[in-house]
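The sequence and the model come first.

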Amino acid sequence: MDQVSLTLAEVTDLATRALMANGCNEANAAAVARNMTAAERDGCKSHGLFRVPGYVKSLRAGKIDGQAMPVVTHTGPCVVTVEGHGGLAPLAQEMGRQPLIEAARAQGMAALAIRRTHHYAALWPETEPLAEAGLVAMAFVNAPPYVAPAGGTKPFFGTNPMAFAWPRADGGAMVWDQASSMMARGEIQIAKRDGHDLPPGAGIDKDGNPTTDPAAVLEGAQLPFGGYKGGAIALMVDLLCGPLLGEVSSVEAGAADNRDGGPATGGELILAIDPAAFGGTDAIARGERLFTAMLEQEGVRLPGDRRHAARAQTPVGGIEIPKSLADTIHDLIG
Ligand code: NDP
């Protein structure tokens, strides 16, 4: 496949122009472009420029309001709510971040309840900065139904991801960020695009038969990771992001969606915990000792290390994307 090299500044510029040419105001386009640039920088291809066509489809269809300005309110001493008004999640996350940090430091822990936004990205971009601010963080997002519950054969849960971030002694963060399905949907779409098979256990076809064909899984259902254990996590994420926030469940998000492949409406819950308020005055140092002991075993690495290695290695010359994707994005700019 022909590739095109881009600097990170060119990634940001391309994403911003594509979004602004299709109905986004500058604030929304810039927030999404920052998110995509971070994904390209960290080698997370399925959340980089690959997502532009999906965003544009939903902006053109009027499903996403690219002009929406989120409104931040304090709905409790430790609850910050961001009403997204049908816009894009990255701007709502950025606007809620500092109020969440301040509430967590004041109260010991705090929650950010994001409502009526369209989330189409990874969760490490919103949890990593909280850990870099010295807080322990978790985030949860639900999505339209693509995943059968354990034992079932029909889509019921989104790929419902969650992330956990822990502050490091050097000011960085240890973050894990994973779907509750065996594979993220974007990875399956990329496997279909690139003609690769899926690992066994990723999904079933529309008749409920196990398959490694990405096209058949996209028509059928994905499976949770680890059988009923992943299924239980998908259920928890659905409850936290749907009923708890007064928002849609995965099934309700699917019913409300126009199925254009772009991100559906929904909620996101982000939690931030100040270790100092929990008796863990040396929590970060003890975390470091735990990591060191864990890494003594050969073959072990910390979650997030692949991303950080990619970040360090992203050459000054930039990153590569398929030429076909670059051409598509240029066409969308017009
Ligand atoms: P992966 O299975 O690729 O990775 C999950 C986590 O495990 C990562 O933090 C990864 O760190 C870590 N990890 C992987 N291998 C190892 C290892 N050998 N040892 C230790 N840690 C390891 O992620 P998924 O495919 O489940 O999800 C991909 C992304 O898709 C996530 O960012 C998720 O948030 C996003 N997503 C978004 C959705 C949405 O609706 N917005 C829906 C579903 C998923 P590392 O990155 O360093 O490899």
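## Terms and model

A residue is called buried when its relative accessible area is under 20%, exposed when that area is over 50%, and partly exposed in between. The structure is a predicted model. A search of the whole structure finds 15 salt bridges.

## Arginine 307 and aspartate 42

Arginine 307 and aspartate 42 form a salt bridge, with 2.7 Å between the closest N and O atoms. Arginine 307 belongs to helix 11 (residues 305-313), while aspartate 42 sits in the loop between helix 2 (26-41) and helix 3 (52-60), so the pair ties together parts that are 265 residues apart in sequence. Both arginine 307 and aspartate 42 are buried.

These two residues also take part in a network of salt bridges that links Arg41, Asp42, Glu128, Arg307 and Arg311.

## Arginine 168 and glutamate 288

In the salt bridge between arginine 168 and glutamate 288, the closest N and O atoms are 2.7 Å apart. Arginine 168 is in the loop between strand 6 (162-167) and strand 7 (173-178), and glutamate 288 is in helix 10 (residues 283-295), so this pair ties together parts that are 120 residues apart in sequence.

Arginine 168 has a relative accessible area of 22% and is partly exposed. Glutamate 288 counts as buried, with 17% relative accessibility.

## Lysine 45 and glutamate 40

Lysine 45 forms a salt bridge with glutamate 40, and their closest N and O atoms lie 2.6 Å apart. Lysine 45 counts as partly exposed because its relative accessibility is 35%. Glutamate 40 is buried, at 2% relative accessibility.

Methods
Residues numbered from 1 in each chain as written. Predicted model: local features only at pLDDT ≥ 70, side-chain atom pairs only at ≥ 80, totals over all residues. Heavy atoms only, no water. Salt bridge = Lys/Arg side-chain N within 4 Å of Asp/Glu carboxyl O. Buried < 20%, exposed > 50% of the residue type's maximum accessible area, 1.4 Å probe, protein only. Helix = DSSP H or I, 4+ residues; strand = E, 2+ residues; numbered from the N terminus.
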